[in-house]
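Trainee: I've got a model open on my screen and I'd like to learn how to read it. Could we go through it together?

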Amino acid sequence: MMQYFKKSQSIKVKENVEEQKKLYKKLKWQVFISATLGYGLYYVCRLSLNVVKKPIVDAGVLTESELGLIGSALFFTYAIGKLTNGFLADYSNIKRFMAIGLLVSALANLVMGFTGTFLFFAICWGVNGWVQSMGAPSSVVSLSRWYKDKERGSFYGFWSTSHNIGEALTYILTAVVVSYFGWQWGFRAAAIVGMLGALMISIFFHDTPESKGLPPVNKDFVKKEVSTWEEQKGVLKNPYVWILALASAFMYISRYAVNSWGPYYFEAAKGYSLTQANSLVAISAVCGILGTASSGFVSDKFFKGRRNMPAFIFGLMNILGLSLFLLGPKNVWWLDALSMVIFGLAIGALICYLGGLMAVDIASKKASGAALGIVGVMSYAAAGIQDIASGYLIENNKTIINRETIYNFDTISIFWIGAAIVSTLLALLTWKKT
């Protein structure tokens, strides 16, 4: 198994310079497109549960607290996997690493489409969380291996749109499938999409330029005097990486508050139908594409590679979007849509900045997977805590009067908005470094 996932061996460098340039241009675009689309399909297999939460509760299959625990199983295993797999990705054949992860994720969804018990849901969703953690490190390491330093920020931003592509597909297409065929098909459809994604990655994703007869792109990979492990230890000792990890953790509470419970909130608190509620959350995903795609380019072009000021601006937008979402009046569709536009733009950029790029910027290129792993373990541990807390708070702040369920979301509003505020303040502590 270790040998199968081991980083590819270098082959003889092609002597023809023009042939090198032509092959490099072709392969680096294949890597970028397959990483972006492939990781987007990872998200379809990760978010399928979020679409079907209300139908599952309405069918009496599971309660909100049970769904919170199941959701947290993914986040906790993902958090641990993000750390370990982040370190492993620096040494791995990322093509095989990423394809196998998505394939197993698809199989976990497939099993969940044929069961309805809490135990099987928790086990499958926990397994899904672990293999989901194989996607982002593979993608980020591919950017470090295939793209030059001066273009990494821009392409990292464009790659980060994969989150939003996957979210939009999930909240629109999966919701439509569920509305016609039932909640089980939310998982089955995700499984089919995931299997197709794994096939695409196995064909078009590539490990290293050296394994294709090309010279290394960045000088970091030529140096022999400092080992990868030494570079990774330097990342572990860097306090700014840990501060960024904490800032990302609180941002992920607000992010997954909407991703995990946004459709449920729109249905329960504001009376929208399943498709209407998921369409509103999909707006944030679509707008997130613009926020994410422009984030790296904007900071590279207008702030000379510094991420601090744009991160602060988008942090304030995150707070504003959540406030409109949670504190706005009922039955005002345009205001709910506006809240999702602002939230989507903000969270799309913050996923890029706090979720990885700022930490990768201050780490060695040979330890980019490790930097992403540290941020990831903190972020998804927080997301897991959020899912448990949110499920508990929703279930224990509702009352049934004359067979009608009345919800009180005051406590959860404080929790979600407060997390966004803390994230923004923590990011300010890295101002001079980022």
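Trainee: Let me start with one side chain. Which residues does tryptophan 159 touch, not counting residues up to four places away in sequence?

Mentor: Contact here means heavy atoms within 4.5 Å. With neighbours up to four places away in sequence left out, tryptophan 159 touches Phe32, Ala35, Thr36, Tyr39, Ala136, Ser139, Val140 and Leu143. Before we go on, a word on the ground rules: this is a predicted model, so local features need pLDDT of at least 70 and side-chain atom pairs count only at pLDDT 80 or more, while totals for chains, interfaces and linings use all residues. Residues are numbered from 1 along each chain as its sequence is written, and side-chain values use heavy atoms, with hydrogens and water left out.

Trainee: Which residues touch the most other members of the largest nonpolar core?

Mentor: General idea to begin with: in soluble globular proteins, nonpolar side chains tend to be buried together. A nonpolar core is a set of buried Ala, Val, Leu, Ile, Met, Phe, Trp, Tyr and Cys residues joined through side-chain atoms within 4.5 Å. Buried means under 20% relative accessible area, exposed over 50%, and partly exposed in between (1.4 Å probe, protein chains only). Here the largest core has 119 residues, and Leu49, Phe121, Trp159, Phe325 and Tyr380 touch the most other members. Helix α1, residues 17-58, gives the most to this core, with 17 residues.

Trainee: How many helices and strands does the protein have?

Mentor: It has 15 helices and two strands. Those are DSSP runs (helices H or I, at least four residues; strands E, at least two), numbered from the N terminus. As for the overall fold, the radius of gyration is 21 Å, close to the 22 Å from the globule rule for 434 residues, so the protein is as compact as a globular protein of that length. That radius is taken over C-alpha atoms, and the rule is 2.2 Å times the number of residues to the power 0.38. Along its principal axes, the C-alpha trace spans about 80 × 45 × 35 Å.

Trainee: What share of the 434 residues is buried?

Mentor: Buried residues make up 58% of them.

Trainee: Okay, a closer look at one helix. Is leucine 350 buried or exposed?

Mentor: Leucine 350 sits in helix α13 and counts as buried, at 2% relative accessibility. Leaving out residues up to four places away in sequence, leucine 350 touches Met251, Ala311, Phe314, Gly315, Asn318 and Gly355. Leucine 357 is also found in helix α13, residues 333-361, and is buried with a relative accessible area of 0%.

Trainee: What is the phi of asparagine 331?

Mentor: The background is that most residues other than glycine have a negative phi. Asparagine 331 has a positive phi of about 65 degrees although it is not a glycine. Look for asparagine 331 in the loop between α12 (308-327) and α13, where it counts as exposed at 62% relative accessibility.

Trainee: Last one: is glutamine 276 buried, exposed or partly exposed?

Mentor: Partly exposed, since glutamine 276 has a relative accessible area of 41%. Glutamine 276 lies in helix α11, residues 274-302.
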